Amino acid sequence: MTVTEQIDQKHQEDLQRLRGFRLLDDDFLTKCFEGDTASIELVLQIVLEEPDLKVLDVRTQVFVENLLNRSVRLDILATDRTGAKLNVEVQRADKGAGRKRARYNASMMDANLLKKGENFEQLPETWVIFITENDIMGKGQPLYPIERCFLDTGERFEDGSHILYVNGAYRSESAIGKLMHDFSCTDAADMYYGILADRVRFFKESKEGIEIMCRAMEEMRNQTLKEGMINVAKKMLEDGTITLEKIAEFVGLSVDEVKKLKAEQTI
């Protein structure tokens, strides 16, 4: 098979994958919601049951760095008109939406929301919202809100931190039931909400949108390949018998990148 034939085959495979994408696929979701306040505003209005909620800003694939420990990448980070920060994560695998992950996301958001010298009371309200493909809580409810409270009275602690799990398997004629139906659709024509259908239609049916998604899939492949090479480099560094220059040559990284990996291992 020639190089041209290989490229064409890969393109056809990408088109096939694109046809099967749903909003429950996080990479497709983040691309659909990238720079689009209307879509995330609709979702938040429904899952938070706040029809007047207004989103001022939305960012996707937000990297929150922790220099000493584990960093996180947030699927969607929105800001509403009250200044609240809302992290929306889509998870198809149950293990990816663990309770301690929700806790960690909330803590990482908090750690990056106050500047030096600012009063703790200036910390904005935060939401960590997991939309899961399955009913991971197993109680048949559409929404599972989690709040800190006083155990003896049940009164809310009111610290401004909220966690919400959304059951992606829930179906009904209610707003949340229709929204979760839309998140599982592969065809825009089958969706209830026009705002979401228009975004899905653009990325699946228009020439411009398809080109954007194909480039995104190529970038994802390259990123996955690089991450694999980084893991190989880390194992080679642990071995301790191979020079930094040889490691860089074997895995296709620069010597400076390998030096940085080595420095991180010695922290």
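**A first look around Gln45**

Let's start at one spot: Gln45 is part of helix α3. Keep in mind that this is a predicted model. Gln45 counts as buried because its relative accessible area is 19%, and the cut-off for buried is under 20%. Leaving aside residues up to four places away in sequence, Gln45 touches Glu50, Pro51 and Leu53.

**The sheet as a whole**

- Six strands make up an open sheet with mixed pairing, and their order is β1-β2-β3-β4-β6-β5.
- At the edges sit β1 and β5 (143-146), each of which pairs on one side only.
- On average, neighbouring strands of this sheet are turned by 20° against each other, with direction ignored.
- As background, strands of a sheet pair through backbone hydrogen bonds, and the pairing can be parallel or antiparallel.

**Strand β2 and its partners**

- How many of the residues in strand β2 are buried? The count is 8 of 9, so this strand, which spans residues 72-80, is mostly covered.
- On one side, β2 pairs with strand β1 (residues 55-64) in the antiparallel sense, over 8 bridges.
- Within that pairing, look for Asp57 opposite Thr79 in β2.
- Strand β3 (residues 85-91) also runs antiparallel to β2, and 4 bridges join the two.
- Here you can find Ile76 standing opposite Val88 in β3.
- β2 and β3 form a hairpin with 4 residues between the strands, and in this hairpin Gly83 takes a positive phi near 95°.

**The β5 end**

- Strand β5 is joined to strand β6 (residues 161-167) by 4 bridges, and these two run antiparallel.

- The disulfide count comes to 0.
- Cys32 is buried because its relative accessible area is 0%.
- Cys185 is buried as well, since its relative accessible area is 9%.

**The largest pocket**

- The largest pocket holds about 1,200 Å³ of space.
- It is lined by 30 residues, and the closest to its centre are Phe63, Arg73, Gln223, Glu227 and Ile230.
- Which elements give two or more residues to the lining? They are α2 (26-33), β1, α7 (207-239) and α9 (255-265).
- Helix α7 makes the largest share of this lining, with 10 residues.

Notes: Residues numbered from 1 in each chain as written. Predicted model: local features only at pLDDT ≥ 70, side-chain atom pairs only at ≥ 80, totals over all residues. Heavy atoms only, no water. Buried < 20%, exposed > 50% of the residue type's maximum accessible area, 1.4 Å probe, protein only. Pairing = 2+ DSSP bridges. Disulfide = S-S within 2.5 Å. Axes fitted to C-alpha atoms, helices over the stretch in contact; angles between N-to-C directions. Contact = heavy atoms within 4.5 Å. 1 Å grid on protein atoms, 1.4 Å probe; cavity = no way out; pocket = protein on both sides within 12 Å on 5 of 7 lines; lining within 4 Å. Points joined across faces, edges and corners; volume = space filled by probe spheres on them.
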